[in-house]
Amino acid sequence: MGIITDYLRKLITKQIEDNGIVVWCDRDRHYTDIVSTLNIPNITVICYINSFFELRHEIESLLDGTEPPRLLIYVPLGSSETHNALIELEAAGVIMKPGQQPPIRNTKLSVIARNALKPILGDETTASIEKQVEAGKLTLADLNAIAEKGEGISQGVILTIFKTGNPQEVTLEFLASDRFDSAIVSKDASQELAILMQSAFDVQFPSEEPPNAHRARLARHILSTEFISSIKGDIPNQLSSVKIPAKPATRDACIQLAKTWRLRRDLKESYINYANQVEAELGLNNIDFPQQQIAEIETFLGVERRVQRYIETALLTETNAQISQIIKARQSSFWSENFPDIQAHWALIAVAGQLLLEANRIEKELKPPLADVQTIFNAYIDIETPWCLLDTYHRHLERRWHNFEWGLHDRYQSLEQLVNHARHRYMSVGSQLAETFLRRYEAAKFLLPGVMCQTEIFAKAVKPKLSEGKTAYVWVDALRYEMARELTQTLTEDYNLQIQGAIATVPTITEIGMAAFLPGAEKSATVVKSSDSKLGLEINGTVLKDRAGRIKFLQENAGVSIFVTKLGDLLPKPKKKEREGIQNNELILVTSQEIDAIGEGDNIRLARRTMDEILNELKKVFRVLGELGVETIIFAADHGYLFGDELSDDMKIDSPGGDTADLHRRVWVGKGGKADPAYLRAKLSDFGLGGDLEIATPWNFACFKVRGGTEAYFHGGLSPQELIIPVVTLTPKQKIAGGITSEINWTLEPGSQKISTRFFSVTIKGDATGIFELVPPKVRVEVRVKKDCISQPATASYGFEEATGDIQLQSGTDNPRAIESNTVALIITQDQPAKTIASVHLLDAVTDTELARIPKIEIAITI
């Protein structure tokens, strides 16, 4: 008699001894074959066979005696199907059936299996078997076989070697390393190990093989089973002869083991090694899989790379929610978390897909009939899905492209095609948007009722706040609207904020836009040609053309005490002069020219890689200002910019000529000259400005021919990207502080023992140690050499902010007292000599407090 059957027999015996009569209903007929073999002493077993009349007749003959009967009445039906035919017997005794209470009368097969197997196989394996029974995958005979083999193993030498009889735990320990091999050989445990593996996973071990050969065979069996079982549709002919378990329950056990193997961080190296070995043995590189067959399979690295190529190719012709879902899932896959280049690759694919989706949406919505310029303006700055996302995704695409480690091989050919396609779509749709906006703007006589003009910012946004308390006025050169929008999304927890779109003063160049921030500009602003062949803005008779002049004018006309500083002077920590200046004055002017300086330097690669750093710098400066008593922060931009493809000859057009006051790639200012269908001609007075100068600007993304001009970064024109600027008002919600970081025990695990490529990963873990509720902080990870940061955050498993590179951690889904594990990919941005010793730092993103560090890690590359 099997172990499960014997357990059941004991339950029934106890009920008969206590109650005399047991009516046993077995609606699923799990026990039909074993009823006659129970062999319970001094008990009569009667079975229902098609007729309750015959059954009752047989029972009644047993009730005539003087002694109370000891009866087991087996009915292979549900209790409702008896129609109360045995109600007297049920009343005289007890019923045993699936789900019956109390539990000792519950004969549900999964419950019987659980109670019988738990002492033998442990909680985890028993729970897995219980689920398989409930799914109808295991019979009573199967369970008896499992129990018999499990009992022998758990009580044998395997237990003494591995300290567990759990098949999954034994298997994982065996796969992880050879540290148990000598014990297996010396204790002659190979046969028991083979029985365990065969029972749990249906793998055959030849008796003459040594443990290392067993291990390779087992790894091949487990990984092959997961891979082949996960293929959707027909199995390729090349894999049809690969043996995998026939029973669904055993296949599921193999699949679950493979997943657990991947998830165990302490076993990842063994998984990676065997996965690469098995993938080569199966010859998967030579098999042509359709995308849908392997899109959700995570078993092998080569398959991961192939799915990347499939997605890249698919995005060349279509974008849809299904592709986006695959990309999102893959960004946190096993291979992404353990190979930072894979994670960065998926991130680049993802942003290309986002750009293409946005381009398709805007292109569709731009088709006639289209509403007026006000509608386009509102669509560009919409709260939920603004058209400016097209520019955000393009900026992210270019940053990731220029940070990616390409190498000299052709592995990334399809990725390069995808990025080029996304770039082309950006230039095409962005150009359409620019032209449509400008033509509607011209038709509206350059009026946008209800929209703030740049010349009104001081009067309407800044001046009213001065009476309420200390105010900071931050002038950020070339902070495009979409960049400010992205930045504000990272500030909502710490600030009450308002962002609005305003119209910059034309032409959209620094000399004009910065002067338009000044008091009085709303009443009197005239664009004039200054003595040094540049433009200036005249306000109330004063011509303003440089920073010194603008600051002097503000100090004379603001009506309050002013302290002037630069963004760089407040970081990483303001000196005494800055601290006292901020504390002792009413209006704090902070100026920044970082974006324009980088873009106009015409080092395109450097600009793409570093331009976004200004967002994190601004965030830090806002915190410094708040800590020094500033109650309101208002920041705005002088103009936006275009930063697309490098100029080709067909994008360059001749300027009007004539009496030229100023000429840039995107704007001509002067008098006279020629008109051309390729550009807009208008008077500056049409925009509400004084003077008699005129302006010309290309309708779309084209540029004027200018000797020595930049080749990719431009501003001055009237596209939404250049003309629509942000005006953001911040008020700190409270004194900014990080989460309860002092009560978290942090762990940093490097993805490799050395930094051997430009991509490097760190896994962040943490456990609460105090009595308070865990508050996961927002963090940042840096690689440093001495005190210098030599890295940029690239992506993370979750919580990554594109704007700042910060990562918002979260509590564990299974354990709210732990930080959910998060793998962060970093890019090494500065050349370092080989064998340089670096350190890795986990920082609170709000306070810059160090939470944890890896004190020493060798850099083994030269970039």
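## Briefing: sheets, core and open space

In strand S19, the bridge partner of Trp-668 is Ala-696. Three bridges join strand S17 (residues 668–671) to S19 (residues 694–698), and the two strands run antiparallel. Helices (H or I, at least four residues) and strands (E, at least two) are DSSP runs, numbered from the N terminus. Two strands pair if DSSP finds at least two bridges between them.

This is a predicted model: local features need pLDDT of at least 70, side-chain atom pairs count only at pLDDT 80 or more, and totals for chains, interfaces and linings use all residues. Residues are numbered from 1 along each chain as its sequence is written, and side-chain values use heavy atoms, with hydrogens and water left out.

**Sheet S16-S17-S19-S18**

- S17 and S19 belong to an open sheet of four strands, in the order S16-S17-S19-S18, with antiparallel pairing.
- Strand S16 (659–663) and strand S18 (679–683) stand at the edges; each has a single partner strand, so one side of each is left without a neighbour in the sheet.
- Neighbouring strands here are turned by 25 degrees against each other on average, direction ignored. Axes are lines fitted to C-alpha atoms, for helices over the stretch in contact, and angles run from 0 to 180 degrees between N-to-C directions.

**Sheet S23-S25-S30-S28**

- Another open sheet of four strands has the order S23-S25-S30-S28, with antiparallel pairing.
- Its edge strands are S23 (744–750) and S28 (791–796), and each pairs on one side only.
- Neighbouring strands of this sheet are turned by 30 degrees against each other on average, direction ignored.
- Five bridges join S28 to S30 (residues 818–828), and these strands run antiparallel. Gln-792 has Ile-827 as its bridge partner in S30.
- Helix H17 packs on the sheet and touches strand S25 (759–768), S28 and S30. The direction of H17 makes about 95 degrees with that of S25. Contact means heavy atoms within 4.5 Å.

**Strand S13**

- Strand S13 (residues 632–637) is mostly covered: six of its six residues are buried. Buried means under 20% relative accessible area, exposed over 50%, and partly exposed in between (1.4 Å probe, protein chains only).
- In a regular strand the side chains alternate between the two faces of the sheet. Thr-632, Ile-634 and Ala-636 point one way from S13, while Ile-633, Phe-635 and Ala-637 point the other way.
- Six bridges join strand S6 (residues 471–476) to S13, and the two run parallel. Thr-471 has Thr-632 as its bridge partner in S13.
- S13 also pairs with strand S22 (residues 724–732), in the antiparallel sense, over four bridges.

**Nonpolar core**

- The largest nonpolar core has 207 residues. Such a core is a set of buried Ala, Val, Leu, Ile, Met, Phe, Trp, Tyr and Cys residues joined through side-chain atoms within 4.5 Å.
- Helix H17 (residues 340–366) gives the most to this core, with 13 residues.
- The residues with the most contacts inside the core are Phe-227, Tyr-441, Ile-457, Leu-479, Phe-622 and Leu-625.
- Leaving out residues up to four places away in sequence, Leu-479 touches Ala-484, Ile-595, Leu-615, Leu-618, Phe-635, Ala-637, His-639 and Pro-726.

**Cavities and pocket**

- A search of the whole structure finds seven cavities of 30 Å³ or more. On a 1 Å grid over the protein atoms alone, a cavity is a set of points where a 1.4 Å probe fits but cannot get out; a pocket is an open set with protein on both sides within 12 Å along at least five of seven lines; lining residues have an atom within 4 Å of a point.
- The largest cavity holds about 120 Å³ of space. It is lined by 15 residues, with Lys-619, Lys-620, Arg-623, Ala-845 and Val-846 nearest its centre.
- Helix H28 (613–627) supplies the largest share of that lining, four residues.
- The largest pocket holds about 1,100 Å³ of space. Of its 44 lining residues, Asn-616, Glu-617, Lys-620, Arg-780 and Glu-782 are the closest to its centre.
- H28 also gives the most to the lining of the largest pocket, with seven residues.

**Ser-229**

- Ser-229 is found in helix H10 (residues 211–230). Ser-229 is partly exposed, with a relative accessible area of 29%.
- Ser-229 touches Ser-224, Ile-244, Arg-251 and Ile-255, not counting residues up to four places away in sequence.

Definitions and conventions: Points joined across faces, edges and corners; volume = space filled by probe spheres on them.
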